[in-house]
Amino acid sequence: MTYFKGTITAAAMATGLAGAALAQDDYPTDTVTIQVPFSAGGSTDVFGRMLADWLGEELGGTFIVENTTGASGVIGTQRVAQSEPDGTSILLATPSPLVMQPLIQDELPYELWEDFRPVSLIWVQPVTLITRRDRFDSVEDFIAEAQANPGQISYGSAGINSLNHVSGVFFSSLADVELLHIPYQGINPAIADTLAGNVDAAFVTAASLLSMPDELHGLVAASDTPLPEAPDVPLAADVGLPDYIFSSYGAFIVPAATPDSVVDALNTALDTIFADPENLAEMESRGVTINLLQGDDLRGFAERQSEIAGAAIER
């Protein structure tokens with residue numbers, strides 16, 4: 001995939017600005033709630049509040065964030081699925097409700113692409129394999145030792161079937177290695193044990209690199225675009241693993257019957273917001289890359305991520 005870095009053609013900008021002007025007359029007419037299905041203070045919540053402010057400024061309405069926690073994002077997702085399809089309820093979705101929960105739960109109170117329509121992917125945080133600098137110099141060294149010692153090289157994750165776990169299984173399948181998975185309750189303990197030498201490595205999202213101790217370094221990023229926060233980390237294609245593309249992310253989805261005019265207004269506003277270099281820089285300073293995949297492109301992205309996660313969970 002190619003990440004959007006804020007460059008928009010003059011024609012697209014002209015069309016977008018005209019569309020935004022028209023959209024402001026019609027949408028929003030009421031307060032819009034951005035549903036964040038996780039607790040306040042986390043990164044998804046912070047990004048949601050930034051987006052609410054920017055959308056309010058761009059579209060001339062009131063956008064607020066509501067935190068509805070529980071069941072790894074399922075409860076907040078259900079709330080939006082059952083909302084009126086009038087543009088007043090938007091889900092800020094992450095891999096948990098979009099990908100992971102449909103794979104690991106037999107029954108959910110929503111059918112993803114029957115109850116929702118995609119608006120736009122907004123940001124991605126590619127997964128990165130990290131280790132101690134004195135343990136492995138490169139991912140080639142890591143793979144060579146893992147192939148020589150099947151099941152002996154360990155990695156930490158945020159828990160069984162977490163995004164980090166899935167990325168480790170995906171990496172293992174592509175690199176043709178057998179790794180030992182050590183699940184933790186959250187990624188920070190896994191990083192701490194990697195630093196302490198209790199596990200050999202960990203798979204983390206790129207935002208973790210912002211506060212990573214100097215003793216640790218990234219071996220490979222599951223990305224085809226350099227990480228803004230760690231541009232020296234080798235990319236997947238650079239180490240012979242071009243298919244190793246896997247990310248955490250945030251996306252807008254809305255109830256399925258939401259009108260095209262609302263979706264178009266939101267997408268036009270997002271285009272304009274992230275054409276502003278200051279907005280782009282503010283997001284990237286927090287460890288994410290803006291990637292505005294809209295409509296069916298978002299659905300295709302989510303389905304590809306689901307295929308990867310599903311194959312990993314089956315293993």
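In the predicted model, Val 254 is a residue of strand S9. With a relative accessibility of 1%, Val 254 falls under the 20% limit and is therefore classed as buried. Beyond the residues up to four places away in sequence, Val 254 touches Ser 89, Ile 90, Asp 115, Phe 116, Arg 117, Val 119 and Val 263. The C-alpha atoms of Val 254 and Leu 266 lie 11 Å apart, and the two residues are separated by 12 residues in sequence.

Thr 258 is placed in the loop between S9 and helix H9 (260-273). Its relative accessibility is 2%, so Thr 258 also counts as buried. When residues up to four places away in sequence are not counted, Thr 258 touches Pro 85, Gly 87, Arg 117 and Val 263. Arg 117 and Val 263 are also among the residues touched by Val 254.

Val 220 and Glu 140 are 80 residues apart in sequence, with a C-alpha to C-alpha distance of 9.7 Å.

Aromatic side chains were considered next. The count of aromatic pairs comes to 12. In one of them, Tyr 27 and Phe 63 are arranged edge-to-face, with 6.5 Å from centre to centre and 85° between the planes. This pair links distant parts of the chain, since Tyr 27 is in the loop between helix H1 (10-26) and strand S1 (32-36), whereas Phe 63 is in strand S2 (residues 63-67), 36 residues apart. Both Tyr 27 and Phe 63 are buried.

In the pair formed by Phe 170 and Tyr 244, the ring centres are 5.7 Å apart and the planes meet at 50°. The relative accessible area of Phe 170 is 9%, so Phe 170 is buried. Tyr 244 is likewise buried, with a relative accessible area of 0%. Phe 170 and Tyr 244 belong to a cluster linked by ring pairs, which also includes Phe 136, Phe 142, Tyr 155, Phe 171, Phe 203 and Phe 246.

The largest pocket has a volume of about 900 Å³. Its lining consists of 38 residues, and those nearest the pocket centre are Phe 38, Ala 158, Leu 163, Asn 164 and Ser 248. Two or more lining residues come from each of helix H2 (43-59), helix H4 (95-104), strand S4 (116-132), H7, helix H8 (187-196), strand S7 (201-205) and S9. H4 gives the most, with five residues. By class, the lining of the largest pocket has 21 polar, 16 nonpolar and one charged residues.

Two features of the backbone were noted. The peptide bond from Tyr 27 to Pro 28 is cis, with omega near 0°. Pro 28 is in the loop between H1 and S1, and Tyr 27 is placed in that loop as well. Asp 176 has a positive phi of about 60° although it is not a glycine. Asp 176 is found in the loop between H7 and strand S6 (180-183). With a relative accessible area of 64%, Asp 176 lies over the 50% limit and is therefore exposed.

The mean pLDDT of the protein is 88, and 92% of its residues reach 70 or more. Over residues 1-24, pLDDT stays under 50, and for this stretch the model has 39 contacts beyond four places in sequence. Where pLDDT is low, the predicted coordinates should not be read in detail.

Definitions and conventions
Residues numbered from 1 in each chain as written. Heavy atoms only, no water. pLDDT = per-residue confidence, 0-100. Contact = heavy atoms within 4.5 Å. Phe/Tyr/Trp six-rings, centres within 6.5 Å; stacked < 30°, edge-to-face > 60°. Helix = DSSP H or I, 4+ residues; strand = E, 2+ residues; numbered from the N terminus. Buried < 20%, exposed > 50% of the residue type's maximum accessible area, 1.4 Å probe, protein only. 1 Å grid on protein atoms, 1.4 Å probe; cavity = no way out; pocket = protein on both sides within 12 Å on 5 of 7 lines; lining within 4 Å. Points joined across faces, edges and corners; volume = space filled by probe spheres on them. Nonpolar A, V, L, I, M, F, W, Y, C, P; charged D, E, K, R; others polar.
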